[in-house]
Structures are given as C-alpha cells and as structure tokens.
Amino acid sequence: LHHFVYVDSLCVLAMEESQALAVMGDLDSLFPERGLLLHEASCGSGRRESLGTILDCARHATMLTPKRFHRLDQGIRALLRRKRATGMALEIIIGHCTCCSLIDRRLLSSFSASYKFIRECYQVNSRIWKSVRQELDMFKNLMIFLVSPRRMPWCSMVAATDSSLIGWGVTRANWPVDEVRKHGRVSECSRFK
C-alpha cells in the first residue's frame with residue numbers, strides 16, 4: 001500500500017479496492033480530528049485523476065490531465081507573448097514547469113538562463129532575454145513527453161542531467177541491466193533521510 005498527502009488531497013494506491021477504502025477511512029478520520037479538512041474522497045480503479053495528473057492503471061502510466069497541460073501551455077505562451085516580465089512572474093511559471101516535470105524528470109534540466117533572469121530581475125520589470133524565451137519555448141514543445149510509463153523495460157544506458165546558474169550538465173554511461181534495476185527502484189524519499 002502506498003499513499004501521498006498534498007495539502008488537502010489524499011491519494012491511496014492499493015491492489016485491492018477494499019484495502020484502499022480501509023486506509024482512506026482510517027486517514028480520513030485522523031485529519032478532521034486535527035482540524036485538517038480533505039477534499040471529497042473517491043475510490044475506483046482504471047484511470048484516476050489526482051493533483052492535475054492522471055494515474056492510468058490500465059496503461060501503467062502517469063501523465064498530466066488535459067486541463068493541467070493546457071493551463072501550463074497557455075501560461076508559457078502568455079509569458080512568451082510579453083516583451084517584459086519580472087523574475088517573480090517567471091518564477092511562478094518555472095514553478096509550475098518544475099511540478100509538472102516530476103512526471104518525467106528529464107525536463108527539469110531545460111532551464112538555466114531562466115534561473116539567472118529570476119535572480120537578477122526578481123522585482124524589476126525587464127525585457128525577457130532571448131535565452132529565456134528559447135528555454136520556455138523548448139520546454140513547451142517538449143511537454144508532450146510528460147508521460148511516465150511504468151512498464152518500460154530497464155535500459156543499460158543511464159544518464160544524468162542537471163542545470164544551474166552557469167549552464168547545463170549531461171552525462172551518460174552503460175551499466176549492467178541488473179545494476180540499473182537495483183538503483184532505479186530506490187525510493188525517492190530515501191534519498192532525503
């Protein structure tokens with residue numbers, strides 16, 4: 001059984017609906033006792049929506065809802081139509097891009113100049129740099145890849161990407177598939193303990 005709580009939303013993932021209902025019942029009673037109200041609960045199988053994402057159990061994939069995809073796409077387009085913006089306005093868009101990129105973390109490395117712009121122009125309405133426009137346009141065009149299939153076979157090629165205030169970094173190597181599988185199954189939460 002797995003679950004996640006995000007502010008006022010609760011999602012429980014289980015193999016059996018009865019297990020999910022039991023856990024939801026237990027957790028649903030704990031939250032109001034502590035003055036925390038949750039959204040209305042629902043239970044089901046197949047394709048479910050939660051926090052702007054679709055958990056598709058039939059296809060074994062996670063993706064953005066069409067509404068979330070459209071809103072982010074339109075937000076990026078609106079910023080790109082402007083000649084000027086503050087770093088604070090760009091930070092909001094980049095925050096949404098980052099949240100959506102948790103589905104496929106490769107897109108997290110799309111930004112470098114955007115971070116510099118945010119820092120240098122945080123409260124100043126400045127001309128949006130060409131490099132920032134290119135990064136936003138690139139991310140917008142790559143959003144169609146924000147799908148996380150969970151049934152893909154393990155690949156022997158591993159890659160790491162990152163970006164910072166001074167640029168991008170990309171590296172790759174070939175590992176034995178057993179090593180890739182071993183490291184790929186490490187819980188994200190365990191990295192922060």
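Residues are termed buried when their relative accessible area is under 20%, exposed when it is over 50% and partly exposed in between (1.4 Å probe, protein chains only). By this criterion, buried residues account for 30% of the 193 residues in the chain. The structure is a predicted model, in which local features require a pLDDT of at least 70 and side-chain atom pairs a pLDDT of 80 or more, while totals for chains, interfaces and linings use all residues. Residues are numbered from 1 along each chain as its sequence is written, and side-chain values use heavy atoms, with hydrogens and water left out.

The chain contains 6 helices and 10 strands, assigned as DSSP runs (H or I of at least four residues for helices, E of at least two for strands) and numbered from the N terminus. With contact taken as heavy atoms within 4.5 Å, 58% of the contacts between residues at least 6 apart in sequence join residues at least 24 apart.

Two helix pairings were examined. Axes are lines fitted to C-alpha atoms, over the stretch in contact for helices, and angles between N-to-C directions run from 0 to 180 degrees. Helix 2 (residues 66–81) packs with helix 5 (residues 130–142) at an angle of about 155 degrees, the axes being 10 Å apart. The two helices are therefore roughly antiparallel, given that angles under 35 degrees count as roughly parallel, over 145 as roughly antiparallel, 65 to 115 as roughly perpendicular and the rest as oblique. The crossing of helix 2 and helix 5 is left-handed, a term applied if the near helix is turned anticlockwise from the far one by less than a right angle, clockwise being right-handed. Helix 2 contributes Leu-72, Asp-73, Ile-76, Arg-77, Leu-79 and Leu-80 to the contact, and helix 5 contributes Arg-133, Leu-136, Asp-137, Phe-139 and Lys-140. These residues comprise 6 nonpolar, no polar and 5 charged (Ala, Val, Leu, Ile, Met, Phe, Trp, Tyr, Cys and Pro count as nonpolar, Asp, Glu, Lys and Arg as charged, and the others, Gly among them, as polar).

Helix 3 and helix 4 pack at an angle of about 140 degrees, with 7 Å between their axes, which makes helix 3 oblique to helix 4. Their crossing is left-handed. Here Gly-87, Leu-90, Glu-91 and Ile-94 of helix 3 meet Ser-114, Tyr-115, Phe-117 and Ile-118 of helix 4; the contact has 5 nonpolar, 2 polar and 1 charged residues.

The structure holds 2 aromatic pairs, in which rings of Phe, Tyr and Trp (its six-membered ring) have centres within 6.5 Å, with planes under 30 degrees apart counted as stacked, over 60 as edge-to-face and the rest as tilted. Phe-111 and Phe-139 form a tilted pair, at 5.3 Å centre to centre and 35 degrees between the planes. This pair links distant parts of the chain, with Phe-111 in the loop between helix 3 (87–101) and helix 4 (113–120) and Phe-139 in helix 5, 28 residues apart. Both Phe-111 and Phe-139 are buried. The ring centres of Phe-117 and Trp-129 lie 5.1 Å apart with planes at 85 degrees, so this pair is edge-to-face. Phe-117 belongs to helix 4 and Trp-129 to the loop between strand 7 (126–127) and helix 5, 12 residues apart. Phe-117 counts as buried at 1% relative accessibility, whereas Trp-129 is partly exposed at 27%.

Ser-112 also lies in the loop between helix 3 and helix 4 and is buried, with a relative accessible area of 5%. Not counting residues up to four places away in sequence, Ser-112 touches Glu-135, Ser-164, Leu-165, Ile-166, Gly-167 and Trp-168.
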